[in-house]
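The sequence and the structure are shown first.

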Amino acid sequence: MKFSGLRVLKEGLTGNRGWTPHWRDPEPKAEYDAVIIGGGGHGLATAYYLASNHGMTNIAVLEKGYIGSGNIGRNTTIVRANYFLPGNSEFYSHSLKLWEGLEQDLNYNVMHSRRGLINLFHSDGQRDAFVRRGNAMLNQGDDAVLLDREGVRKYLPYLDFDNLRFPVYGGLLHPRGGSARHDAVAWGYARGADQRGVDLVQNCEVTGIDIERGVVKGVQTTRGAIRARKVAIVTAGRSGQVAAMAGMRLPIESHVLQAFVTEGLKPVIDHVVSFGMGHFYISQSDKGGLVFGGDLDFYASYAQRGNLPMAEHVMEAGMTLMPMIGKAKVLRSWGGIMDMTPDGSPIIDRTDTEGLFIDCGWCYGGFKAVPASGVALAHLMATGQSHEIAAGFRLDRFRTGRGIIDEEGTGSQHNLH
């Protein structure tokens, strides 16, 4: 089924009886050319681009729950390309370009909104750092506008500009930054992959990876053994556990990141706003809810829930930045499992096992990276060569110390990234 304004009008006038399921619910076959473990944004995007860019259609995406039940549906939906260091900057720049054409490519409304992102700074040192970052973004071909205090006030008049501890000095505006609807991204990629012949196998947990003489042969699942010449581990916060089935110990830690949403309110926050001193970020959804988050819970965990002290910390940061939200009622919160690398940058690479690939370590950047991650991993699996936008995301950089991409300059402690 192809979506169009005319089709929406027709279905609305005829009781919406003509819609069909977005994707099939197939039984797994005994053998595929490639198996992707993980039915989240990155796994679905990889399958889609393997089919659309490389003509590989005998593919299965294996998801232990339902499509989109992991981190792709547990984030704050921010899309941006305001990275600083080579290795990251060109990757996220490419991803943003893909976001801007994604709805046309997928023929699916992912509600991508270029509303603009403003990173606030609160000291002279932060201003200098954002000047450097803005110049790097411009040199990369992206957009950046340095705002002084009054420039920020024009966009965000509701902030507490005169907070004694964290006065607003200015901000860096990234006009093309914004947000998208997270679950719609999963649905769009799932639908596109299915249309190209990919099997999306839900409720199919991988329990083992079959390796013979250093070559991957397939996987064991709760729905039987599946043979495959190529297997990709794309399981976000569960990457360490799945990689252990192949005898690998990944250089990642898994931490919980909480997010929150309020009751629906009238439009008030037009942009994505990031607090420079509290790691607090907020935007307003199309339904009116304020969507916001903050720091990691700072202890390793696989639980998709957080703790109350961090919830309180996030609320305090929000109140410090914009006291006007104090009376908004929080409807719900959730937790995503963040796979944190020592340098805060991701891994897209082949492993020492022939035919086995890994995509992990996205830290805070997983959602915005979905399109480019799919393109890069699909290219690697299909051609055997790293895509130029992901050439720096090598697994061995943590063993050799060469090529470390420490975006935040905070050293090698996982939970600081």
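## Burial, domains and pocket

His414 counts as buried at 14% relative accessibility, where buried means under 20% relative accessible area, exposed over 50% and partly exposed in between (1.4 Å probe, protein chains only). This is a predicted model, in which local features need pLDDT of at least 70, side-chain atom pairs count only at pLDDT 80 or more, and totals for chains, interfaces and linings use all residues. Residues are numbered from 1 along each chain as its sequence is written, and side-chain values use heavy atoms, with hydrogens and water left out.

His414 is placed in the segment after helix H11 (397-400); helices (H or I, at least four residues) and strands (E, at least two) are DSSP runs, numbered from the N terminus. Leaving aside neighbours within four places in sequence, His414 is in contact with Pro251, Ile252, Glu253, Met340, Thr341 and Pro342, contact meaning heavy atoms within 4.5 Å.

The chain is assigned domain 1 (21-77 + 183-250 + 344-416) and domain 2 (113-177 + 254-340), with bounds from an automatic or database domain assignment. The centres of the two domains, taken over C-alpha atoms, are separated by 29 Å. Their contact takes 19 residues from domain 1 and 23 residues from domain 2.

The second largest pocket has a volume of about 550 Å³. On a 1 Å grid over the protein atoms alone, a pocket is an open set of points where a 1.4 Å probe fits, with protein on both sides within 12 Å along at least five of seven lines; lining residues have an atom within 4 Å of a point. The volume is the space filled by probe spheres set on the points, which are joined across faces, edges and corners. Of the 26 lining residues, Arg181, His182, Ser285, Lys287 and Val291 are the closest to the pocket centre. Helix H7 (182-195), strand S12 (253-262), strand S14 (280-284) and strand S16 (330-340) each give two or more residues to the lining, and S16 gives the most, with three. Because domain 1 and domain 2 both give residues to this lining, the second largest pocket lies between them.

## Core and individual residues

The largest nonpolar core has 54 residues, and Phe91, Val185, Tyr189 and Ile348 have the most contacts inside it. Such a core is a set of buried Ala, Val, Leu, Ile, Met, Phe, Trp, Tyr and Cys residues joined through side-chain atoms within 4.5 Å. Helix H10 (370-383) is one of the elements that give two or more residues to this core, and H10 supplies the largest share, eight residues. Tyr189 touches Leu44, Ala45, Tyr48, Tyr49, Leu102, Leu106, Val370 and Pro371, residues up to four places away in sequence not being counted.

| Residue | Relative accessible area | Class |
|---|---|---|
| Leu156 | 0% | buried |
| Arg165 | 68% | exposed |
| Asn107 | 18% | buried |
| Cys363 | 3% | buried |

Leu156 lies in the loop between helix H6 (149-155) and strand S6 (170-174), and Arg165 lies in the loop between H6 and S6. Leu156 touches Ile118, Leu120, Phe161, His271 and Val273, again without residues up to four places away in sequence. Arg165 and Met277 are 112 residues apart in sequence and 9.5 Å apart in space, C-alpha to C-alpha.

Most residues other than glycine have a negative phi.
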